[in-house]
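Please keep the sequence and the structure in view while reading.

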Amino acid sequence: MSPVEPIVRVRGLHKWFGSLHVLKGIHLEVAPGERLVIIGPSGSGKSTLIRCLNRLEDFQEGEVVVDGRNVKDDRALAEVRREVGMVFQQFNLFPHMTVLENLTLAPMRVRRWPKERAERKALELLERVGILDQARKYPAELSGGQQQRVAIARALAMEPKVMLFDEPTSALDPEMVGEVLDVMRDLARGGMTMLVVTHEMGFAREVADRVVFMDGGQIVEEGRPEAIFTAPKEERTRSFLQRVLRH
């Protein structure tokens, strides 16, 4: 039996912002259904890496292949973006549209779904993330936690094969973090391929199949959560975890 082809493959990825070398030769593979959590200090390149996967950030060297498609190929990029859902720190909802309209826009425009099918899917997802009763409201009428749950549902409405999360709880008040993490736990249990950049170490420990620690634009260490959190091999990993787990 042949090994499963990775759904995300990154080889020799380099990224500069002007003279600043932010990603220094990243190699990474993610299997279908795997939950990968990326941790590390601010400025280590975590968010830049995740944004290179659907070419929201362009890069100068290396290769990124998602679901067999090279993201440097402009013809393949639209297809990659259809298959990859992304949730940002800021919710990026359209303020002039209701929650339901926010969810149905892309499936109707990009997937060419009829309105009835898009709305049926949207209502299912709003129920799944626990805010079906907010469907007719506008984003400004919702709490931050509710808006982020709408953003997750909106990404899922396109039926993506991979979900990227770029610090999805960092802009939230502490009491709202749990409700968003609960939705992400539910997704993980459902077998979704997830790449998550987060400072939530408890979530990483509980949900990840594999944890990657980045520092200085490089992957310093990766492994099972229990190995990374209880017996990290690298001094940089140890000192980072000692700092963040003390708080």
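Which residue follows α4, and is its phi positive or negative? In this predicted model, α4 is followed by Gly130, which has a positive phi near 80 degrees. The helix itself covers residues 115-128, and its 14 residues reach 20 Å from the first C-alpha to the last, which is close to the 20 Å expected at 1.5 Å a residue.

Within α4, the residues Ala118, Lys121, Ala122, Leu125 and Leu126 are buried. Because they cover an arc of only 135 degrees around the axis, they lie on the same side of α4. An α-helix has 3.6 residues a turn, so residues three or four places apart point the same way. On the other side of α4, by contrast, Glu116 and Glu127 are exposed. The buried residues of α4 pack against two other helices, α3 (99-109) and α5 (144-156).

Lys46 counts as buried because its relative accessibility is 3%, and buried means under 20%. Apart from neighbours within four places in sequence, Lys46 is in contact with Ile38, Ile39, Gly40, Pro41, Glu167, Val197, His199 and Met214.

| From | To | Distance |
|---|---|---|
| Lys46 side chain | Pro41 backbone oxygen | 3.0 Å |
| Lys46 C-alpha | Leu23 C-alpha | 8.9 Å |

Along the chain, Lys46 and Leu23 are 23 residues apart, while Pro41, whose backbone oxygen the Lys46 side chain reaches, is also among the contacts of Lys46.

How values were computed: Residues numbered from 1 in each chain as written. Predicted model: local features only at pLDDT ≥ 70, side-chain atom pairs only at ≥ 80, totals over all residues. Heavy atoms only, no water. Helix = DSSP H or I, 4+ residues; strand = E, 2+ residues; numbered from the N terminus. Expected span 1.5 Å × (residues − 1). Buried < 20%, exposed > 50% of the residue type's maximum accessible area, 1.4 Å probe, protein only. Arc of directions from axis to C-beta. Contact = heavy atoms within 4.5 Å. Polar contact = N/O pair within 3.5 Å; in protein donor to acceptor, adjacent residues only side chain to side chain.
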